[in-house]
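Subject: Structure for your review

Dear colleague,

Please find below the structure that I am handing over to you. My notes on the findings follow it.

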Amino acid sequence: MARRFRGSEEVKVDAKGRVSIPAKFRRVFEASDPDYAQGKRAQLVVVYGFADWTHLRLYTIEAIDEIDQGISRMPRGSSERSYLETLMNGLSEEAEIDADGRLVLPQRLREKIGLDDRAFFMAQGDYLKVSTPETHDADLAAIEAEMPALEPGADPLSLLPPAPPADA
């Protein structure tokens, strides 16, 4: 299983659209790129999504391969497959992290999500969610509002489904 992203980080965006990828996140991209070797550039996929998306998703190569395999198992011609193919293939771009640990975000993608001089990275397991700090704050509030009420002091991990039974 590939390494997972953990944590969050606010970073500066320069006038050319370059954002420095924090080292802890770069290591995950490198470890999850089967073609990566020291001195090479780690590859990733930027999914920018449909018109209503206010964030970008930076997927590792291993995560994209897993998603592509899942899409390939779907019935050809189904609306669900068409949707996911459009989202994951048509509304995305391949990218790489440069030798200085930066990612260049094209102007049209920065404009799409309202990115100016600051970006916020939020770990989402096998991808990073990139948004403005303001959008991030609004997203957190929306997630909290959608959560089922837990008893005071309850463990949030109680929301996880039970583990599958072990084979005897």
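Two strands are taken to pair if DSSP finds at least two bridges between them. Helices (H or I, at least four residues) and strands (E, at least two) are DSSP runs, numbered from the N terminus. The model is predicted, so local features need pLDDT of at least 70 and side-chain atom pairs count only at pLDDT 80 or more, while totals for chains, interfaces and linings use all residues. Residues are numbered from 1 along each chain as its sequence is written, and side-chain values use heavy atoms, with hydrogens and water left out.

The sheet

Six strands form an open sheet in the order β1-β7-β8-β4-β3-β5, with antiparallel pairing. The edges are held by β1 and β5 (92-96), each with a single partner strand, so one side of each has no neighbour in the sheet. From one strand to the next the twist averages 25°; axes here are lines fitted to C-alpha atoms, for helices over the stretch in contact, and angles run from 0 to 180 degrees between N-to-C directions. As a general point, the strands of a sheet pair through backbone hydrogen bonds, either parallel or antiparallel.

Strand β1 (residues 8-12) is joined to β7 by five bridges, and the two run antiparallel. Glu10 has Phe120 in β7 as its bridge partner. Strand β7 (residues 118-123) has five of its six residues buried, where buried means under 20% relative accessible area, exposed over 50%, and partly exposed in between (1.4 Å probe, protein chains only). On to strand β8 (residues 127-131), β7 makes four bridges, again antiparallel, and Phe121 is partnered there by Val130. A hairpin is formed by β7 and β8, with three residues between them; in its turn, Gly125 has a positive phi of about 85°.

Strand β4 (residues 56-60) pairs with β8 in the antiparallel sense over four bridges, and Arg57 stands opposite Lys129 in β8. Helix α2 (residues 61-72) packs on the sheet and touches β3 (43-47) and β4, its direction making about 95° with that of β4; contact means heavy atoms within 4.5 Å. Helix α3 also packs on the sheet, where it touches β3, β4 and β5, and its direction makes about 30° with that of β5.

The antiparallel pairing of β3 with β5 has five bridges, and that of β3 with β4 has four. Strand β3 is mostly covered, with four of its five residues buried.

Salt bridges

A salt bridge is counted when a side-chain nitrogen of Lys or Arg lies within 4 Å of a carboxyl oxygen of Asp or Glu. By this rule there are 11 salt bridges. In one of them Glu9 meets Lys24, with the closest N and O atoms 3.6 Å apart. Glu9 lies in strand β1 and Lys24 in helix α1 (residues 23-31), so this pair ties together parts that are 15 residues apart in sequence. Glu9 is partly exposed at 30% relative accessibility, and Lys24 is partly exposed at 38%.

Within helix α1, the side chains of Glu30 and Arg27 form a salt bridge (3.2 Å, N to O); the two are three residues apart, about one helical turn. Glu30 is buried, with a relative accessible area of 18%, whereas Arg27 is partly exposed at 36%.

Arg81 and Glu85 form another, with the closest N and O atoms 2.8 Å apart. Both lie in helix α3 (residues 79-90), four residues apart, about one turn of the helix. Arg81 counts as buried at 7% relative accessibility, and Glu85 as partly exposed at 29%. A network of salt bridges links Glu10, Arg118 and Glu134.

The surface

Leu140, Ile143, Met147, Leu150 and Leu159 make a nonpolar surface patch of about 410 Å². Patches are made of residues with over 30% relative accessible area and no salt bridge, like charges being joined within 9 Å and nonpolar side chains (Val, Leu, Ile, Met, Phe, Trp, Tyr) within 5 Å. Accessible areas come from the Shrake-Rupley method with a 1.4 Å probe; for residues, only the protein chains shown count as cover. Leu140 is in helix α5 (residues 133-146) and is partly exposed, with a relative accessible area of 37%.

With kind regards
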